[in-house]
Amino acid sequence: MIPFVDLKAQYRAIAAEIDAAIASVIADTAFIGGKYRDHFEASFAEYCHARHCVGVGNGTDALFLVLKVAGIGRGDEVIVPANSFIATAEPVTLAGARVVFADIDPETYNLDVADVETKLTPKTRAVIAVHLYGQPASLTALAELCRRSGALLIQDCAQAHGATLAGKPLIDYGGALCYSFYPGKNLGAYGDAGAIVTGDDELARACRMIANHGRCAKYDHELEGVNSRLDGLQAAILSVKLRHLEAWTKRRRAIAALYDRLLEDVAEVTTPRVAAGARHVYHLYVIRTRERDALGRHLEERGVRTGIHYPVALPNLKAYRYLEHRPEDFPVASRNQDEVLSLPMYAELTDDMAVQVASEIRSFFGRAS
Ligand SMILES: *Cc1c(COP(=O)(O)O)cnc(C)c1O
């Protein structure tokens, strides 16, 4: 059996370090705030080449807090890609603003900049660029578009820890970066966790305050906030894992290169297209084929677990019925929902396992291994 992800294998490889980190937090009873959180925030800010990292409860909250602090709410519009996890869009509605979907690029599956341009209105206050599957979106064009229209660029980096574009860290393209450390992400906690990364002192200060009950000092509340904090145990676990992240990312990229090579001549399968200059970190390795459902069943029967990201494009979800979109309004995202298939991808996947996955795909399409 080849699992889709294998968090147990990852834990086994670093168990001694993780167990020691957990024991330290408990011995110090540093559960909320404290030195383990401070240490992780400083380390992750450095990893992102950014001035600030504000640890929060999860990636969805990171997006919500940035929207809140930017004063985005009733009467405002925020542009969101039609292909993402619902957590990219939910915080917009929660903040009181209106979700406006833009279609995705047929090659990279990230925001289609031309479609974003047609969706801009005087009410547009932000664009959320998702670096889907681990590949940076068209940040140069999107940052320019945001600069011209006065919209805030929010980068949803939940799938893109360690991604770069044109050799530069994502922070260099500006705006606020929102990370998720959900357990299955490239850098995953042992529970929920997230972070806001930014070079803006005031944005960082305000996010930290709102995430902690609007508190500036104990029992001194500037305003009503929320409770969304990175806890000490998650921070200590994340600090251990951050030391391994580059090695894991290199391994993900090596597996992707192997899949690329082994599937190159299978005409029925489209392997991931990487934009010039993009460092894709392969949170997911997503292929596309007209025979997605049959191929998925074939792999399942042979013990290869796969995933679909995502089976319903956001505008086609029941949750967004009220927007009255038709699938034809988002032709690329609607095509992808029926054709994408995510193959097993994690640092502990061996070359032999990747070869086996590719062989099963080849045999399904009648190709020799
Ligand atoms: C995982 C994910 C989120 C949400 O993160 P949580 O930590 O689960 O709240 C947001 N956006 C994208 C693209 C994600 O993959």
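In the classification applied here, Ala, Val, Leu, Ile, Met, Phe, Trp, Tyr, Cys and Pro count as nonpolar, Asp, Glu, Lys and Arg as charged, and the others, Gly among them, as polar. By this scheme, the shell around the ligand is made up of four nonpolar, seven polar and two charged residues. The structure is a predicted model, and the values reported below were computed from its atoms.

The ligand is surrounded by 13 residues, of which G59, T60, D156, S180 and K185 are the closest. The ligand is located in the largest pocket. From the backbone, an N or O atom of G59 lies 2.7 Å from a ligand oxygen. From the side chains, an N or O atom of Q159 is found 2.9 Å from an oxygen atom of the ligand, and an N or O atom of K185 is placed 3.1 Å from a ligand oxygen. On its own the ligand has 380 Å² of accessible area, and the protein covers 92% of this area.

One of the closest ligand neighbours, G59, belongs to helix α3, which comprises residues 59-69. Within this helix, G59, A62, L63, F64, L65, V66 and L67 are buried. The N-terminal end of α3 is capped by N58, a side-chain oxygen of which lies 3.1 Å from the backbone nitrogen of T60. T60 is also listed among the residues closest to the ligand. After the helix comes G71, whose phi is positive, near 75 degrees.

T198 is part of strand β9, which spans residues 194-198. Because its relative accessibility is 1%, and buried means under 20%, T198 counts as buried. The side chain of T198 reaches the backbone nitrogen of D200 at a distance of 2.9 Å. L233, by contrast, is located in helix α8, formed by residues 232-263. With a relative accessible area of 26%, L233 is partly exposed, since this category lies between the limits of 20% for buried and 50% for exposed residues. The C-alpha atom of L233 is separated by 38 Å from that of A333, a residue 100 positions away along the chain.

Several backbone features occur in loops. The peptide bond from H309 to Y310 is cis, with omega near 10 degrees. Y310 is situated in the loop that connects α9 (292-301) and α10 (331-339). Positive phi values in residues other than glycine are found at T29, where phi is near 40 degrees, and at Y219, where phi is about 60 degrees. T29 lies in the loop between α1 (7-28) and α2 (35-47), whereas Y219 occupies the loop between β10 (215-217) and β11 (220-221). The relative accessible area of T29 is 54%, and T29 is therefore exposed, the category being defined by values over 50%. Y219 likewise counts as exposed, at 70% relative accessibility.

How values were computed. Residues numbered from 1 in each chain as written. Predicted model: local features only at pLDDT ≥ 70, side-chain atom pairs only at ≥ 80, totals over all residues. Heavy atoms only, no water. Near = heavy atom within 4 Å. Polar contact = N/O pair within 3.5 Å; in protein donor to acceptor, adjacent residues only side chain to side chain. Areas by Shrake-Rupley, 256 points an atom, 1.4 Å probe, with all protein chains shown as cover. 1 Å grid on protein atoms, 1.4 Å probe; cavity = no way out; pocket = protein on both sides within 12 Å on 5 of 7 lines; lining within 4 Å. Sits in = over half its atoms within 2 Å of the grid points. Helix = DSSP H or I, 4+ residues; strand = E, 2+ residues; numbered from the N terminus. Buried < 20%, exposed > 50% of the residue type's maximum accessible area, 1.4 Å probe, protein only.
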